[in-house]
Amino acid sequence: MRIFIDFNFEAAHHLPHSFPDGHVNQRLHGHSFRARITLDGRPDPKSGLITDLGAVKSCADSAREELDHRYLNEVPGLELPTLETIAIWLWRRVEPDLPALVEIGIYRDSCGEGCEYNGEFETRKAAA
Ligand SMILES: Nc1nc2c(c(=O)[nH]1)N=C([C@H](O)[C@H](O)COP(=O)(O)OP(=O)(O)OP(=O)(O)O)CN2
Ligand SMILES: [Zn+2]
């Protein structure tokens with residue numbers, strides 16, 4: 001069973017190394033993004049909750065503050081700010097506080113584009 005929280009952010013970026021010289025995406029431009037943080041788990045029998053979504057929202061708000069109305073190329077770790085790298089960045093930003101995290105989605109709804117990351121590039125934590 002999964003629960004999720006979405007948040008929106010507006011941000012500017014440019015992609016100087018991702019497209020041929022002179023391509024429009026090399027120029028500074030902006031997008032409206034939606035991020036989704038998804039957790040997996042079983043509801044606690046007493047509370048009925050997997051995790052309090054309020055706690056997830058606090059974590060999302062903190063990450064959103066670092067993305068919203070920012071020039072993403074200047075955000076540490078987002079020097080190449082594609083949907084893919086933003087998804088990985090957000091995973092690494094929230095995962096320490098959300099151990100039940102299973103997916104990060106970054107979407108540009110206006111053009112039907114997005115990226116979903118399930119942590120497959122992370123090195124697994126050693127068992128305690
Ligand atoms: N695999 C990826 N491909 C592309 C990415 C990406 O992050 N991952 N990003 C881009 C650019 O950001 C480009 O600016 C996207 O432009 P476009 O698809 O034309 O979308 P809009 O400009 O119409 O988006 P709005 O937010 O509605 O203005 C390209 N490829
Ligand atoms: Zn863009």
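**The ligand site and the sheet behind it**

A: An oxygen atom of ligand 1 lies 2.6 Å from an N or O atom in the side chain of E113, and two further polar side-chain atoms, one of H13 and one of N25, each lie 3.2 Å from an oxygen atom of this ligand. A polar contact here is a pair of N or O atoms within 3.5 Å; within protein, one must be able to donate a hydrogen and the other to accept it, and residues adjacent in sequence count only if both atoms are side-chain atoms. Of the 630 Å² of accessible area that ligand 1 has on its own, the protein covers 63%, by the Shrake-Rupley method with a 1.4 Å probe, where for residues only the protein chains shown count as cover. Elements β2 and α2 (83-94) give two or more residues to the shell around ligand 1.

This is a predicted model, in which local features need pLDDT of at least 70 and side-chain atom pairs count only at pLDDT 80 or more, while totals for chains, interfaces and linings use all residues. Residues are numbered from 1 along each chain as its sequence is written, chains are lettered from A and ligands numbered from 1 in the order in which they are written, and side-chain values use heavy atoms, with hydrogens and water left out.

The surroundings of ligand 1 comprise 13 residues, the closest being H29, H31, L83, S110 and E113, where a residue is near if one of its heavy atoms lies within 4 Å. By class, this shell holds four nonpolar, six polar and three charged residues; Ala, Val, Leu, Ile, Met, Phe, Trp, Tyr, Cys and Pro count as nonpolar, Asp, Glu, Lys and Arg as charged, and the others, Gly among them, as polar.

The zinc ion (ligand 2) is coordinated at 2.0 Å by the NE2 atoms of H13, H29 and H31, donors being N, O and S atoms within 2.8 Å of the metal (3.2 Å for Na, K and Ca), with the caution that water is not among the atoms, so sites may look incomplete. Along the chain the donors follow the spacing H-x15-H-x1-H. H13 in strand β1 (residues 2-13) and H29 in strand β2 (residues 29-40) are 16 residues apart, so that the pair links distant parts of the chain. H13 is buried at 2% relative accessible area, whereas H29, at 22%, is partly exposed; buried means under 20%, exposed over 50% and partly exposed in between, with a 1.4 Å probe and protein chains only.

Helices (H or I, at least four residues) and strands (E, at least two) are DSSP runs, numbered from the N terminus. H13 belongs to the covered face of β1, together with I3, I5, F7, F9 and A11. Strands β1 and β2 pair in the antiparallel sense over twelve bridges, and F33 in β2 is the bridge partner of F9; two strands pair if DSSP finds at least two bridges between them. The five strands form an open, mixed sheet in the order β3-β1-β2-β4-β5. Because β3 (70-71) and β5 (113-117) stand at its edges with a single partner strand each, one side of each is left without a neighbour in the sheet. On its other pairing, β1 runs parallel to β3, joined by two bridges, with A11 opposite R70 and A12 opposite Y71.
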